[in-house]
Amino acid sequence: MVDRRQVLVGAAGTASMLATEAVAQTSPAPAATPPESPYAVTYIEVEPAQADAARRLLARYQEALKDKGALEFAVFEQMGRPNHFAIVERWPSAKAREDNAASAPGQEFRSALTPLLIAPYDERPHFALSVGALSAGPPSSGTTPATPAGVFVITHVDIVPPKRDDGVAAVRTLAERSAGKAGNVRFDALVQASRLNHLTLVEAWTDAPAREAHSAANPTRSFRTTLGPMSGALYDERLYALLK
């Protein structure tokens, strides 16, 4: 006579084993640790009436960082929106970047800036995806780039997570093909460390016509067409001038 309890226990065990195997086969592998993030891109929005005060604070902070180890600390003012600023910085390591933010000059700068803000201080650590020569602004040594840039572009690219690899590949291809084209001074692609499907493009062009020609070129159009279905948000392209 068949023991019904043994049959039920055996069936339950088999079902449990099959379920465990199914989960093991469908669960994603643990995410790899992202590379170190020595870059940061920061967006700053102040009251329109406080734009001049913010410029002075940014200029003083930039001056205070000379010879403090920054490989780049460029400050930009958005064209047409003079109360919007951006900082692109690069340090020898993520720790050097974090130490600077925690330093007395870093804390004093943020403390003085806070009353002027109408949006949070939006600092986003990044690591490099495709980076050419440093040339968007004067390096920390104070030397001037061989080819001066007149127009700067910072673009936030948001890719839906399932298409991240395809989107990142498309961004890398655009950066590699655009760097060094007529009128281009810089074309870097960075990945946001906290959200690997968010990328930032940092471009520098000799003048507006050079940037516009690149935007209308077939490779750029093809990139935008490819990226469109993979985008999780609008292609957020902003034009800037270097703060002097």
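I count helices (H or I, at least four residues) and strands (E, at least two) as DSSP runs, numbered from the N terminus. On that basis the chain comes to seven helices and eight strands.

**Ground rules.** My model is a predicted one, where local features need pLDDT of at least 70, side-chain atom pairs count only at pLDDT 80 or more, and totals for chains, interfaces and linings use all residues. Residues are numbered from 1 along each chain as its sequence is written, and side-chain values use heavy atoms, with hydrogens and water left out.

**Whole chain.** I looked up burial next. Buried means under 20% relative accessible area, exposed means over 50%, and partly exposed is in between (1.4 Å probe, protein chains only). Of the 244 residues in the chain, 39% are buried. Then I checked contacts, meaning heavy atoms within 4.5 Å. Among contacts with a separation of 6 or more, 76% are between residues 24 or more positions apart.

**Helix α2.** Gln50 counts as partly exposed because its relative accessible area is 26%.

α2 itself has 14 residues and reaches 20 Å from first C-alpha to last, close to the 20 Å expected at 1.5 Å a residue. (The expected span is 1.5 Å times one less than the number of residues.) Which residues of α2 are buried? I found Ala51, Ala53, Ala54, Arg55, Leu57, Leu58 and Tyr61. They pack against β1, β2 (72-78), β3 (84-90), α3 (94-102) and α4 (104-113).

**Helix pairs.** Two packed helices are described by the angle between their axes and the distance between the axes. Axes here are lines fitted to C-alpha atoms, for helices over the stretch in contact, with angles from 0 to 180 degrees between N-to-C directions. Under 35 degrees counts as roughly parallel, over 145 as roughly antiparallel, 65 to 115 as roughly perpendicular, and the rest as oblique.

How do α2 and α4 lie, and what are the numbers? Their axes come within 10 Å and cross at roughly 180 degrees, so α2 and α4 are roughly antiparallel. Ala54, Leu57, Leu58 and Tyr61 in α2 meet Pro105, Gly106, Phe109, Ala112 and Leu113 in α4.

The axes of α3 and α4 come within 4 Å and cross at roughly 60 degrees, so these two are oblique to each other. Asn100, Ala101 and Ala102 of α3 make the contact with Ala104, Gly106, Gln107 and Arg110 of α4.

**Rings.** Rings of Phe, Tyr and Trp (its six-membered ring) pair if their centres lie within 6.5 Å; planes under 30 degrees apart are stacked, over 60 edge-to-face, and the rest tilted. I get seven aromatic pairs in the structure. One of them, Phe76 with Phe152, is tilted, at 5.1 Å centre to centre and 50 degrees between the planes. It links distant parts of the chain, as Phe76 is in strand β2 and Phe152 in strand β5 (residues 151-158), 76 residues apart. Phe76 counts as buried at 2% relative accessibility, and Phe152 does too at 3%. Ring pairs also link Tyr61, Phe73, Phe109 and Tyr121 into a cluster.

Notes
The expected span of a helix is 1.5 Å times one less than its number of residues.
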